[in-house]
Amino acid sequence: MINHPHPPDTPPQRLTASLFGPDFLWGTVLAAAQNEGAWNSYGKGASIWDNFARRQGKIKGADKPTVACDFYHRYKDDLLLAKALGFKVFRFSISWPRILPEGTGRVNKEGIAFYHRLIDECLKLGLVPYVTLYHWDLPAALEKEGGWTSHLMIRWFSRYVTLCAEEYGGKVKDWIVLNEPFGFTTLGYMLGRHAPGKTGLSNWLPAIHNAALAQAEGGRILRKIVAGAHIGTSFSCSEVMPHTDSPEDQQAAKRLDILLNRLFIEPTLGNGFPREDFRLLEKLELHNKSWKYTERMQFDFDFIGIQNYFPVVVRYNPLIPIVQASEVKARNRKVPCTAMGWEINADSFYRILKRFSLYEGVKEIIVTEGGAAFKDERVNGAVSDPQRIDYFRDYLLAMLRARDEGANITGYFAWTLMDNFEWAEGYKARFGLIYVDFKTQLRTIKDSGYWFRDFLSGH
Ligand code: BGC
């Protein structure tokens, strides 16, 4: 069991970044809507998250991303912190409505200039910028026209990607087209728990279809415009295990596995949606009228971003529409879990890495996010978070094992540099290596941040 990687009577293995070799990419990540703030300043248009947060009962504590970590104004100091912890890569996202306030059409020069400054500062500090094009903050103006459910999305997204590639492609070579398409289509257009809060198959299926197309199209645009680009896209994934050995539970696990782990990577690799294995997905045929879509959903990504936060255990439940499966929560299974109630299971992370690395067509894997939320507190000027240190140690060991066994994993980016706006969970869920006091914007490096610094420097 990797959670206890060394028997009590042997000395713990000294884990340092050097075990991964000199070229391994160590990074940290944040996202525009979760960190920037300045939500309606400097010409920025509203995003679907700005609007969603204003709706009652949508976000815990009625929190809003209006100021967040004020990264827009504090980015220089925050980059210095990332640098001081020893990271080599800085992954961030561009806010689409900051540079195109109406989503398409008019360009906001101030927004364009902000990302130039941010990129220049990264380069000055020797941090390699990894730019995510879409981390969930769709311009609200486009949502009015249907957002991800609209067939016009491909046109809107192409315009946005072209602008980013032309503006920043001379300095940024590493790109991530979408962040977790399964997450934003399902939470936002099926379950209504995330912005824009839509529900039902009539929203979800077209959103899936359009996201799969936009993702590949984004890759093609970057390839055409950015010389020497290194292009990826990031998928969420979760090992799905049946609660019992019963055929019903096993079938339920299989259905959920198709959604959580196969729905987006398979069209990306050119295999189309995994619809033979899940009758419901045949409905995607409605939007997928001819072979040409399967072809257009494929793109030869240089790397695949993997983001694995928890495994899932499911049992058959005929009352749940579509998947007929319900989750057996980690807390009820009495397994170690994070403050989000997500199971901590580094072995499962190991298996996920092995599985994705075995897909034909996956050339390189970067763990583009990994991390955990715990109930952190600042006491006497310090934040002690031993659980997060254990978490990273176990997960990094699991990754090392997968890599040593041949999985082509070339980087790991810690989620996240600092506590930030955790979507529907608001500001209470803290994932950062740095603690943020949201009243004063004071940053305090957590013990896990110092642990990472020592791990990276080999001390
Ligand atoms: C998302 C992040 C989010 C993190 C923790 C990932 O799914 O990309 O934006 O904060 O998980 O929930």
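What span should the 17 residues of H5 have at 1.5 Å a residue, and how far apart are its end C-alpha atoms? The first legend answers this. All views come from a predicted model.

View 1. The 17 residues of H5 (109-125) should span 24 Å at 1.5 Å a residue. The end C-alpha atoms of H5 are 24 Å apart, which agrees. Buried residues of H5 include Gly111, Ile112, Phe114, Tyr115 and His116. Leu118, Ile119, Glu121, Cys122 and Leu125 of H5 are buried too. Their packing partners include helices H1, H3 (71-84), H4 and H7 (153-168). Strands S2 (89-93) and S3 (128-134) also pack against the buried residues of H5. Just after H5 comes Gly126, with a positive phi of about 80°.

View 2. Thr104 sits in the loop between helix H4 (96-99) and helix H5 (109-125). Thr104 counts as partly exposed because its relative accessibility is 31%. Beyond its neighbours within four places in sequence, Thr104 touches Leu142, Trp156 and Arg159. Arg155 is 51 residues away from Thr104 in sequence. In space, C-alpha to C-alpha, the two are 9.2 Å apart.

**View 3. Helix H16 and what covers it.** H16 runs over residues 386-404. Its 19 residues should span 27 Å at 1.5 Å a residue, and the end C-alpha atoms are 27 Å apart, so the two values agree. Buried residues of H16 include Arg388, Ile389, Tyr391, Phe392, Asp394 and Tyr395. Further along H16, Leu396, Leu397, Ala398, Met399, Leu400 and Ala402 are buried as well. The cover over these residues includes helices H15 (346-357) and H17 (447-457). Strands S1 (25-29), S10 (365-369) and S11 (409-415) are also part of that cover.

**View 4. Strands S6, S8 and S9.** S6 (residues 240-242) and S8 (residues 312-316) pair in the parallel sense, over three bridges. One of the bridge pairs joins Pro242 to Val314 in S8. S8 and S9 (residues 325-327) pair in the antiparallel sense, also over three bridges. Here the bridge partner of Arg315 is Ser326 in S9. Gln324 lies in the loop between S8 and S9. Gln324 is not a glycine, yet its phi is positive, at about 45°. Its relative accessibility is 32%, so Gln324 counts as partly exposed.

**View 5. The largest cavity.** The model holds three cavities of 30 Å³ or more. The largest cavity has about 90 Å³ of space. It is lined by 13 residues, with Ala32, Ala33, Lys44, Asp50 and Pro65 the closest to its centre. Helices H1 (32-35) and H2 (48-54) each supply at least two lining residues. By class, the lining has five nonpolar, three polar and five charged residues.

**View 6. The second largest cavity.** About 70 Å³ of space lies in this cavity. Of its 13 lining residues, Phe182, Phe235, Ser236, Leu260 and Phe264 lie nearest its centre. Helix H8 (181-189), strand S5 (230-236) and helix H10 (247-262) each give at least two residues to the lining. H10 gives the most, with three. The lining divides into ten nonpolar, two polar and one charged.

**View 7. The second largest pocket.** This pocket has a volume of about 440 Å³. Its lining comprises 19 residues. Nearest its centre are Glu425, Tyr427, Lys428, Ala429 and Arg430.

View 8. Most residues other than glycine have a negative phi, and most peptide bonds are trans. The Ala195 to Pro196 bond is cis, with omega near 5°. Pro196 belongs to the loop between H8 and helix H9 (201-225). The bond from Trp415 to Thr416 is also cis, with omega near 10°. Thr416 is in the loop between S11 and strand S12 (434-437). Gln441, not a glycine, has a positive phi of about 65°. Gln441 lies in the loop between S12 and strand S13 (442-445). Gln441 counts as buried because its relative accessible area is 8%.

Conventions
Residues are numbered from 1 along each chain as its sequence is written. This is a predicted model: local features need pLDDT of at least 70, side-chain atom pairs count only at pLDDT 80 or more; totals for chains, interfaces and linings use all residues. Side-chain values use heavy atoms; hydrogens and water are left out. On a 1 Å grid over the protein atoms alone, a cavity is a set of points where a 1.4 Å probe fits but cannot get out, and a pocket is an open set with protein on both sides within 12 Å along at least five of seven lines; lining residues have an atom within 4 Å of a point. Grid points are joined across faces, edges and corners, and a volume is the space filled by probe spheres set on the points. Helices (H or I, at least four residues) and strands (E, at least two) are DSSP runs, numbered from the N terminus. The expected span of a helix is 1.5 Å times one less than its number of residues. Buried means under 20% relative accessible area, exposed over 50%, partly exposed in between (1.4 Å probe, protein chains only). Contact means heavy atoms within 4.5 Å. Two strands pair if DSSP finds at least two bridges between them. Ala, Val, Leu, Ile, Met, Phe, Trp, Tyr, Cys and Pro count as nonpolar, Asp, Glu, Lys and Arg as charged, and the others, Gly among them, as polar.
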